[in-house]
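Please look over the sequence and the structure shown here, and then follow the explanation from the overall arrangement down to local detail.

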Amino acid sequence: MNKSNDQKVRNPQLVMAMRAVNNSNTASSRSRMAAELMNARLLSPIQSETVLMEKSGPSHRIRFEDITNTSGEKYYLAFTDMEEYDKWNQDGTHDRALIMTMEDFGHILIRTVNDLKGFVINPCGENISISKDLLLSLLKQREMRQMQEKQGN
């Protein structure tokens, strides 16, 4: 992975907010984490492959890495920075990642058919899961605020 570009992905405020939720899961701490999450840019590991299509020739496809919890539920992976990514990628076999926003996760989780429950941030660290329903709610709230701001101008 080109670490020089990915080193720029840092979310210290989000990490602090996630720790606050883990230490004291209150409405206030969850609200702060949600606000930080909506401004975050996260690393999400992918696998890529080139598939030869009979009529159109080569096609490049990507697949997002996922993880399964003890209940058998699958979640996409997300990391706040390269240090957290490297904790998960100790063997060094995962060398590709995309920089994702909440809108990006919304697109792949909500608008495509899959059996994933959401995504997990820093599974080897703070280990916070964001369900599809929570993500959809956060995206709708952001959209409502943006509409209200436009009407106010």
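Two residues are said to be in contact when they have heavy atoms within 4.5 Å of each other. On that basis, among the contacts in the protein with a separation of 6 or more, 61% are accounted for by residues 24 or more positions apart. The model is a predicted one, and what follows should be read with that in mind.

The protein has six helices and seven strands, and read along the sequence these follow the pattern α-α-α-β-β-β-β-α-β-α-β-β-α. Taken along the principal axes, the C-alpha atoms fill a box of roughly 50 × 40 × 35 Å, and of the 153 residues of the protein, 37% count as buried.

The buried residues of H2 are Leu14, Val15, Ala17, Met18 and Val21. These residues cover an arc of only 165° around the axis, and therefore lie on the same side of H2. The face turned away from that buried side carries the exposed residues Pro12 and Asn23. What covers the buried residues of H2 includes helix H3 (27–38), strand E1 (42–53), strand E6 (116–121) and strand E7 (128–131).

Most residues other than glycine have a negative phi. Asn122, which lies in this loop, has instead a positive phi, near 50°, and with a relative accessible area of 0% Asn122 is buried. Asn127 is found in the loop between E6 and E7 as well, and has a positive phi of about 55° although it is not a glycine; at 44% relative accessibility, however, Asn127 counts as partly exposed. Elsewhere in the chain, Tyr85 is found in helix H4, residues 82–88, and counts as buried at 1% relative accessibility. Tyr85 and Pro123 are 38 residues apart in sequence, yet 9.2 Å apart in space, C-alpha to C-alpha.

Finally, which residues line the largest pocket? The lining consists of Glu103, Ile110, Arg111, Leu136, Leu139, Lys140, Arg142, Glu143 and Gln146. Helix H5 (102–110) and helix H6 (132–152) are the elements that give two or more residues to this lining, and H6 gives the most, with six residues. By class, the lining has three nonpolar, one polar and five charged residues, and the pocket has a volume of about 160 Å³.

Technical notes
Residues numbered from 1 in each chain as written. Predicted model: local features only at pLDDT ≥ 70, side-chain atom pairs only at ≥ 80, totals over all residues. Heavy atoms only, no water. 1 Å grid on protein atoms, 1.4 Å probe; cavity = no way out; pocket = protein on both sides within 12 Å on 5 of 7 lines; lining within 4 Å. Points joined across faces, edges and corners; volume = space filled by probe spheres on them. Helix = DSSP H or I, 4+ residues; strand = E, 2+ residues; numbered from the N terminus. Nonpolar A, V, L, I, M, F, W, Y, C, P; charged D, E, K, R; others polar. Buried < 20%, exposed > 50% of the residue type's maximum accessible area, 1.4 Å probe, protein only. Arc of directions from axis to C-beta.
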